[in-house]
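Got your viewer open and ready to click along? Here is a short tour, one selection at a time.

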Amino acid sequence: MSKTFAINAGSSSLKFQLYQMPEEEVIAKGLVERIGIENSIFKIEYGDDQEFEMTEDIEDHGRAVEILFEKLQEFNIVEDMKEIEGVGHRVVAGGEAFKESTVVTDEVIAKVDELSEFAPLHNPAEAAVMRVFQEELPHATMVAVFDTSFHTSMPEVNYMYSLPYEYYEEYGARKYGAHGTSHQFVSQRAAELAGKPIEDLKIITCHLGNGGSITAVQGGKSVDTSMGFTPLAGITMGTRTGDLDVSLVPFLMDKLNISDVNEMVNIFNKKSGLLGISGVSSDMRDVESAAEAGNHRAQLAIDIFVNRVQKYIGQYIAVMNGVDIIVFTAGIGENSATTRAAVLEGLTWFGIEVDAERNDTRKEAQISSDESKVLVYNIPTNEEVAIAREVERLK
């Protein structure tokens with residue numbers, strides 16, 4: 001029985017799902033939080049709604065993987081580790097080096113490490129976890145699945161910044177995007193639901209979560225995306241600013257008496273967005289509750305969020321000279337019917353019409369009316385199964 005891991009390593013976390021393949025049946029899933037911090041938490045779900053949770057200091061990702069393997073055998077989830085024939089690793093930044101998913105070698109791991117300047121919080125952890133799995137499961141096929149690879153199909157006119165060209169040539173200063181695995185998964189699923197070849201479709205995918213991005217997918221390929229050189233750019237997010245005028249950086253540093261530009265970037269990444277505007281929370285559910293109670297700043301945060309999503313959808317209709325399908329996905333996109341409705345209500349000029357009853361869902365569904373000129377779907381993303389599929393493809 002062949003089993004495949006989908007691994008998502010963050011700077012202080014490790015998410016995992018173990019699949020029976022090719023059936024794509026989830027055997028176990030879980031999360032290790034607060035790695036390298038006191039009172040780390042290990043959680044795993046398996047079997048018939050069985051759960052286990054423990055708290056202890058887990059010093060690094062290597063120890064987190066050791067505990068994971070111990071529990072897999074202790075709970076008889078896996079009898080022999082050789083049953084695990086594949087491991088897929090989500091990697092945030094692949095730069096221009098990786099245009100598609102790649103079988104992991106020592107050279108690949110070294111390159112992922114080298115690309116850490118593009119994702120300093122993620123790539124080092126991802127490289128470290130690859131090395132641990134490589135040592136512990138030498139028989140397994142390991143595959144690196146890059147957030148950026150789906151966006152390497154973008155034309156030069158869309159990924160280049162209006163900077164001196166040598167900055168791109170010498171330093172790789174360009175738009176890379178993110179959430180590529182999610183955008184690819186939901187666009188393919190949308191084409192299946194529409195019953196049309198993806199090669200014939202113009203699709204706009206809206207990955208709206210604590211981090212969010214919008215992508216224009218034409219003929220099954222990413223042609224433009226809202227995130228940029230880093231995931232800071234684009235729409236307003238939970239704690240990230242999205243697009244802003246870079247002249248604000250020196251202006252605010254002077255006003256706030258900040259001398260380290262990294263402190264400013266940290267504010268833009270972790271203290272802005274819905275949290276910074278509302279003063280309430282980075283979670284849309286909390287912001288919506290506050291707005292319903294009459295909190296003006298909370299309502300403003302929602303309005304700005306919706307406005308920025310609408311602007312990107314409008315841009316991408318122009319980029320592709322039309323749109324056939326719009327897709328909502330991720331935490332906010334999948335679960336907030338009010339946010340979806342608000343976004344689409346500002347796009348009626350394009351012949352987009354929402355069916356209120358259909359939109360009242362958190363499941364996969366067509367939420368546009370039968371009269372709408374553009375199909376609109378709510379599609380829960382599944383980056384983990386997409387990663388497992390890439391392992392199967394390359395085994």
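At what angle do helix H6 and helix H15 pack? Select residues 180–194 for H6 and residues 383–394 for H15: they pack at about 90 degrees, with their axes 9 Å apart. Before you move on, know that this is a predicted model, where local features need pLDDT of at least 70, side-chain atom pairs count only at pLDDT 80 or more, and totals for chains, interfaces and linings use all residues. Residues are numbered from 1 along each chain as its sequence is written, and side-chain values use heavy atoms, with hydrogens and water left out.

Some terms: helices (H or I, at least four residues) and strands (E, at least two) are DSSP runs, numbered from the N terminus. Axes are lines fitted to C-alpha atoms, for helices over the stretch in contact, and angles run from 0 to 180 degrees between N-to-C directions. H6 and H15 therefore count as roughly perpendicular (65 to 115 degrees).

Now show the side chains here. Thr 181, Ser 182 and Phe 185 of H6 meet Glu 383, Val 385, Ala 386 and Arg 389 of H15 (contact means heavy atoms within 4.5 Å).

Next stop, the sheet. Colour the strands and you'll find an open sheet of eight, in the order E5-E4-E3-E2-E1-E6-E8-E7, with mixed pairing (two strands pair if DSSP finds at least two bridges between them). At the edges sit E5 (50–56) and E7 (102–103), each pairing on one side only. Zoom in on E1 (residues 3–9) and E6 (residues 84–91), which pair in the parallel sense over six bridges. Click Ala 6, and its bridge partner in E6 is Gly 88.

The largest cavity has a volume of about 90 Å³. On a 1 Å grid over the protein atoms alone, a cavity is a set of points where a 1.4 Å probe fits but cannot get out, and lining residues have an atom within 4 Å of a point. Grid points are joined across faces, edges and corners, and a volume is the space filled by probe spheres set on the points. To see the lining, select residues including Val 92, Phe 118, Tyr 176 and Phe 229.

Finish with the second largest cavity, about 30 Å³: select Gly 95, Glu 96, Thr 148, His 151, Thr 152, Arg 174 and Tyr 176, which line it.

Notes:
Parallel < 35°, antiparallel > 145°, perpendicular 65-115°, else oblique. 1 Å grid on protein atoms, 1.4 Å probe; cavity = no way out; pocket = protein on both sides within 12 Å on 5 of 7 lines; lining within 4 Å.
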